[in-house]
Amino acid sequence: MRIRLRDLRTLANNLTETLEDCPDLEQVKFVRGESSWLADKNTRFLIILDGFDELLLEGRATGGLKEFLQQVTDFQRRSHHQLLVTGRPLALQGIDRLITQNKDLERVRLEPMGDGLRECWLNKWQALFGEDKVNQFRQFLTACPKDITDTLAREPLLLYLLARLNREGHLTQEMFADTQTGRPQDTQAKLRIYRAAVDWVLEKQRQDENLRLCGLDNLEDLREILQEAALCVVQSGNETARLEMVKQRFNDSSNPIAELLKQAQETTGQSEDKALNNLLTTFYLKPGERDQRGSVEFAHKSFGEYLFAERLLIAFEAWTELDKRQRFRLDERALNEQIYDVLDYGGLSQEIVAYLWELLDESDIDRVKLFKRLSNFYSRWCQNEFLDAPPNENLPQKKLIQLLDQEIPTGLKQVDVFTGLNVMIFLFRLHASAQPEGYPYCRKEIPLEIYFDPCGEANTKGFQVNRLLRIIYYADALGTGMFAITVGPYLSLADLSFVDLRSANLSNADLSSTDLRNANLRNADLSSADLSSADLSGTNLSGADLSSADLSGADLRSTDLRSTDLHLADLSSADLRSTDLSNADLSSADLRSTDLSNADLHLADLHLADLSSADLSLADLSSADLDEALLIRTVLSDSLNLTSDQLEGVDPPLICGTFMPSSIDIDSNCDWDRLVGVLHDRFPVDFETLEEAEQWVEKERYR
């Protein structure tokens, strides 16, 4: 027997009397009389009292949940029936002790489903709605991103939500048909799933009961409540936010949502705490399990990230909104205060930025206006204008006090650093999306309205060659590599030409298709960085760490790579003409189809390097280490200072179809037979079996 608690209106003397007025029950047969179902000693019922978070008893400021649970306790003590009370645990905030100290009540929770249990659930779904519907849902789960299928769809309530939305046509496999390929596909797919889920829960789940239960029936108002809760959760940095922090934002008169809590209280007659709890239980929010003082978290982290991205989009709209006179509604002071308010925490996650940019692409927000306002903030931030302001005007200090008041560990420098870095993320992303196809090698002749020069425009009076380097050092004072961790993923297509980045830590940064012409990267840490298709012509990279970096397709002409660590780097199809690679470590590097003509490889370590189809004509190979290198169809015919000793010895290179210098009498096809085993050993991913390696060699040998 399932009884919906949302239908209860009054609290009587005991549970049976309270249930008498419930429309779900046939009162005479179930509750009252000697022949009632409850009085039958030969039958035991499992009675499910569903939705304690939707219980709102008239005339009770707290909603009546505490008193109702006491009636449940009394009934359970004297009854042979079993009660199961369900609901969102956030509604229990403030009365947890009643349950933990009551031996007649025991708390249980739904655990994520394993494969077997989920399969059992799907079979039961099929029994209800038919084989076609469950097969349709299985196909939908298969089309979903991996973390939806393997994480979200294992939470019982969320699995039900996905299945119902799929059955009703709100979420289908076909909705992913027009998404892009690669990583953006996952972002678009997840965005559509989270949006459909939030829309359905707000609109359908409570079936027109929102006004009575939480005092608001406008869906956009309810959505703003969730967005503000998401902001608190993200800012807290640990996936939970204290209820006191959420309440503080609702009580801030300068916050537009402050009126919503007052409206909820007036409509429902609830206390402030109860009204806030009921507002938050609109969606899948639950108590933070580790914080016993009252905190909230989303049932799944991604819902919080998605809703926070929505909150940032609302901020963008406010920052670019104009009045009737075509002036910004928010003045500079208010704008800067809001920027510190929403962007002061440790760097934006890549998921949040990805969701935000998908939402921005769908919006009509004026990107030029947004870019100009953020650029102005960035310029003032770089001059320490906000940090050095007097106490009554110091925005970082004001935000710090708010965070410390909520026991969020941080400092003045952290607030200032992360606000600036998060603004830089937006500026780099706006810049990247505005560049023409083929950038950095194809540039528009006319100036673009959106063009971010982090150091100012080169060759102008305002150009500060080391401004970005100072920012990197400022951020890294909080922890090694902080800039690279926070902003590094968003440097693709950036203009960093002519800037001074000596000894900068940019490890793992995404610098693909970035303009780095004539930059000074001497001794910089670029290990594992993505520099594919970047323009590095004329750049000073001497002494830099480029180990495991991706430089495929990069322009490295006339670049200084002396003594550079390029161990395990991917330089395939890169242009290294006339590049100085003397003393460089190129061991195990991928140099396939690389143009190394006229390059200086004097004393370079090419041990185990793959030089297949590379062009080394007129390259200086004096004293270069070629031990165990792959020389498959490599052009060595015009190489300079290459000797027979470098191609023979204990661990000679593999020479297969190599174009040899006329001065060296070595068979240019002498190692095809050795190549099969070497390929299988070195490249087990590409050649899982010896047979696969043998087939490739046979095809290549007689090409």
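1. Trp381 and Tyr474 are both buried. In this predicted model, the two residues form a tilted aromatic pair, with 6.3 Å from centre to centre and 45° between the planes. Trp381 belongs to helix α18 and Tyr474 to helix α21 (residues 467-476), so this pair ties together parts that are 93 residues apart in sequence.

2. The search of the whole structure returns 20 aromatic pairs. Another of the pairs is Tyr340 with Phe386: the ring centres are 5.7 Å apart and the planes stand at 75°, so the geometry is edge-to-face. Tyr340 sits in helix α16 (residues 332-343), while Phe386 sits in the loop between α18 (367-382) and α19 (395-405); the pair therefore ties together parts 46 residues apart in sequence. Tyr340 and Phe386 are both buried.

3. For Arg167 the ring is that of Phe129, and the charged end is 4.0 Å from the ring centre. For Arg373 the ring is that of Phe328, again with the charged end 4.0 Å from the centre.

4. Turning to charged pairs, 36 salt bridges are found over the whole structure. One of them joins Arg311 to Glu228, with the closest N and O atoms 3.0 Å apart. Arg311 is in helix α15 (residues 301-320) and Glu228 in helix α11 (residues 219-236), so the bridge ties together parts 83 residues apart in sequence. How accessible are the two partners? Arg311, at 14% relative accessibility, counts as buried, and Glu228, at 2%, counts as buried too. The cut-off applied here is under 20% relative accessible area.

5. Which residues does the network of salt bridges link? Its members are Glu228, Arg249, Arg311, Asp341 and Lys399.

6. Arg154 and Asp115 form a further salt bridge, in which the closest N and O atoms are 2.7 Å apart. This pair links distant parts of the chain, 39 residues apart: Arg154 is in the loop between α7 (146-150) and α8 (156-167), and Asp115 is in helix α5 (residues 115-129). The two ends fall into separate accessibility classes. Arg154 is buried, with a relative accessible area of 15%, whereas Asp115 is exposed, with 56%.

7. Arg164 and Glu168 meet through their side chains in a salt bridge of 2.7 Å, taken from N to O. Arg164 counts as partly exposed at 24% relative accessibility. Glu168 is likewise partly exposed, with a relative accessible area of 33%.

8. The model contains an open sheet of three strands, ordered β1-β2-β3, with parallel pairing. The edge positions belong to β1 (2-4) and β3 (82-86); each has a single partner strand, so one side of each is left without a neighbour in the sheet. From one strand to the next, the twist averages 20°.

9. Within this sheet, β1 and strand β2 (residues 46-50) run parallel and are joined by three bridges. Arg2 has Ile48 in β2 as its bridge partner. Helix α3 (residues 65-78) lies across β2 and β3, and it runs at about 160° to β3.

10. A last point concerns Ser542, which is located in the loop between α22 (482-486) and β7 (630-632). Is Ser542 buried or exposed? Its relative accessibility is 8%, and Ser542 therefore counts as buried. Leaving aside residues up to four places away in sequence, Ser542 touches Arg522, Asn523, Asp560, Leu561, Arg562 and Thr564.

Note on methods
Residues numbered from 1 in each chain as written. Predicted model: local features only at pLDDT ≥ 70, side-chain atom pairs only at ≥ 80, totals over all residues. Heavy atoms only, no water. Helix = DSSP H or I, 4+ residues; strand = E, 2+ residues; numbered from the N terminus. Buried < 20%, exposed > 50% of the residue type's maximum accessible area, 1.4 Å probe, protein only. Contact = heavy atoms within 4.5 Å. Pairing = 2+ DSSP bridges. Axes fitted to C-alpha atoms, helices over the stretch in contact; angles between N-to-C directions. Salt bridge = Lys/Arg side-chain N within 4 Å of Asp/Glu carboxyl O. Phe/Tyr/Trp six-rings, centres within 6.5 Å; stacked < 30°, edge-to-face > 60°. Lys NZ or Arg CZ within 6 Å of the ring centre and 35° of its normal.
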